[in-house]
Amino acid sequence: MRNIEFVGLDQVDPEALLALMNEASLRTHLVDHDYFDSTGVRAWVKEKEALDALPGCRVRGIHVDGRLAGWCGIQPDEAGFELAIVLSRAFWGIGLSVFRSLMSWASEFGHEQVLFHLLGSRPQYRALEKMADKVHNSELLGRRFTTYHLTVEQHVQ
């Protein structure tokens, strides 16, 4: 079993985050943006730390066995709150564990429902479809997403 640790972004090595955020396999599943440089990744961290300070939000780096695996969070969304999970390809197998932690955090915050937007480059997931109250296509930042509406209490174990 891998040791998954959620850490504040101030505890994430910016250079490791820079390399992760510029991974080609990861970028295919994110909205289009320029490649990060050292200045850009530090600005991104400051933006995410500001979100982390908002009520009902939490943004964390993910370490697995001491290595940076990605980041995740509960962030504001036009319709309430959304989940975000961004993992390096080497760690895609931990996504379900991260998802469960996010749903637990959502419950802790008292959220009744959260959204999970997956870029159209990702397949539709039957397990998420079964969990969701509603699934639909949406457009955000000029890209097509599959959006899953999830009732929090139904999915916290």
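Contact here means heavy atoms within 4.5 Å. The views below show a predicted model.

**View 1. Helix α1 meets helix α3.** From α1, residues P14, E15, L17, L18 and M21 take part. Their partners in α3 are S38, V41, R42, W44 and V45. The contact residues divide into 7 nonpolar, 1 polar and 2 charged.

**View 2. The crossing of α1 and α3.** Helix α1 covers residues 14-21, and helix α3 covers residues 38-52. They pack at an angle of about 100°. Their axes lie 10 Å apart. Angles of 65 to 115 degrees count as roughly perpendicular, so α1 is roughly perpendicular to α3.

**View 3. Helix α3 from end to end.** The helix has 15 residues. At 1.5 Å a residue, α3 should span 21 Å. Its end C-alpha atoms are 21 Å apart, which agrees.

**View 4. The buried and exposed sides of α3.** V41, W44, V45 and K48 are the buried residues of α3. Seen down the helix axis, they fall within an arc of 100°, so they line one face of α3. An α-helix has 3.6 residues a turn, so residues three or four places apart point the same way. The buried residues of α3 pack against α1, β2 (58-64) and β3 (67-77). The face turned away from this buried side carries the exposed residues T39, K46 and E47.

**View 5. S107 in helix α4.** Helix α4 runs over residues 95-109. S107 has a relative accessible area of 21%. Buried means under 20%, so S107 is partly exposed. S107 and E153 are 46 residues apart along the chain. Their C-alpha atoms are separated by 6.5 Å.

Note on methods:
Residues numbered from 1 in each chain as written. Predicted model: local features only at pLDDT ≥ 70, side-chain atom pairs only at ≥ 80, totals over all residues. Heavy atoms only, no water. Axes fitted to C-alpha atoms, helices over the stretch in contact; angles between N-to-C directions. Helix = DSSP H or I, 4+ residues; strand = E, 2+ residues; numbered from the N terminus. Parallel < 35°, antiparallel > 145°, perpendicular 65-115°, else oblique. Nonpolar A, V, L, I, M, F, W, Y, C, P; charged D, E, K, R; others polar. Expected span 1.5 Å × (residues − 1). Buried < 20%, exposed > 50% of the residue type's maximum accessible area, 1.4 Å probe, protein only. Arc of directions from axis to C-beta.
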